[in-house]
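Have a look along with me, and I will jot down what I looked up.

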Amino acid sequence: MKQLIFALSICLTFGVTAAFADGGADLYAKRCSKCHGADGSKASGASGGTMLKGLSVDAAKGKLMGYRDGTYGGAKKKIMMRLTSKFSDQEIAELAEVIGGF
Ligand code: HEC
């Protein structure tokens with residue numbers, strides 16, 4: 001039994017570390033790709049016609065921070081304000097890195 005618990009805790013530790021290291025990409029895939037596309041190139045009604053591909057890390061970060069504090073946005077900003085309100089600075093920085101890499 002002790003061995004099983006030991007093996008389980010090893011799995012958990014590695015699992016959590018891997019999820020953290022890949023946090024931004026994972027978060028983007030789960031929470032953003034539906035509207036913006038897996039590589040940020042979708043510019044349809046769902047994304048308000050905006051395209052993430054081509055944004056620099058700084059621009060993406062600035063816009064996400066802007067949505068979160070209500071200083072940035074267009075006609076459909078409420079969608080992004082609601083989403084970003086739940087993100088930490090760390091999560092926004094990680095998401096911006098992902099977007100800057102498209
Ligand atoms: C339900 C659809 C939807 C989801 C999910 C979504 N977005 Fe958006 N996103 C939009 C819409 C619509 C806009 C345009 C809003 C506006 O009018 O300002 C937008 C705008 C943006 C912009 C600004 C683009 C620009 O150049 O002005 C960024 C950056 C962005 N989204 C990032 C993200 C990230 C990161 C996620 C995941 C955490 C995400 N979005 C999830 C719909 C979505």
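**Entry 1: a histidine to begin with.** I started at His 36, which lies in helix H3. For helices I use DSSP runs of H or I with at least four residues, and for strands runs of E with at least two, numbered from the N terminus. Two notes on reading my entries: this is a predicted model, where local features need pLDDT of at least 70, side-chain atom pairs count only at pLDDT 80 or more, and totals for chains, interfaces and linings use all residues. Residues are numbered from 1 along each chain as its sequence is written, and side-chain values use heavy atoms, with hydrogens and water left out.

**Entry 2: buried or exposed?** I checked His 36: at 10% relative accessibility, it counts as buried. (Buried means under 20% relative accessible area, exposed over 50%, partly exposed in between, with a 1.4 Å probe and protein chains only.) Leaving out residues up to four places away in sequence, I found His 36 touching Tyr 28, Ser 41, Lys 42, Ser 47, Thr 50, Leu 52 and Met 80. Contact here is heavy atoms within 4.5 Å.

**Entry 3: the iron.** Which protein atoms are donors to the iron atom of the ligand? I noted NE2 of His 36 and SD of Met 80, 2.0 to 2.2 Å from it. (Donors are N, O and S atoms within 2.8 Å of the metal, or 3.2 Å for Na, K and Ca; water is not among the atoms, so sites may look incomplete.) The pair links distant parts of the chain, with His 36 in H3 (residues 33-36) and Met 80 in H5 (residues 77-84), 44 residues apart. Met 80 is buried, as is His 36.

**Entry 4: one side of a helix.** In H2 (residues 23-31) I listed Gly 23, Gly 24, Leu 27 and Tyr 28 as buried. They sit on the same side of H2 because they cover an arc of only 125 degrees around the axis, taken from the directions from the helix axis to the C-beta atoms.

**Entry 5: a neighbour list.** I looked up Leu 95 too: leaving aside neighbours within four places in sequence, it is in contact with Gly 24, Leu 27, Tyr 28, Cys 32, Leu 64 and Phe 87.

**Entry 6: the whole chain.** I counted six helices and zero strands in the protein. Of its 102 residues, 25% count as buried.

Entry 7: The mean pLDDT (the predictor's confidence in each residue, from 0 to 100) is 86, and 79% of residues reach 70 or more. Confidence is lowest in H1 (residues 2-21), at a mean of 51, and highest in H4, at 98. Where pLDDT is low, the predicted coordinates should not be read in detail.
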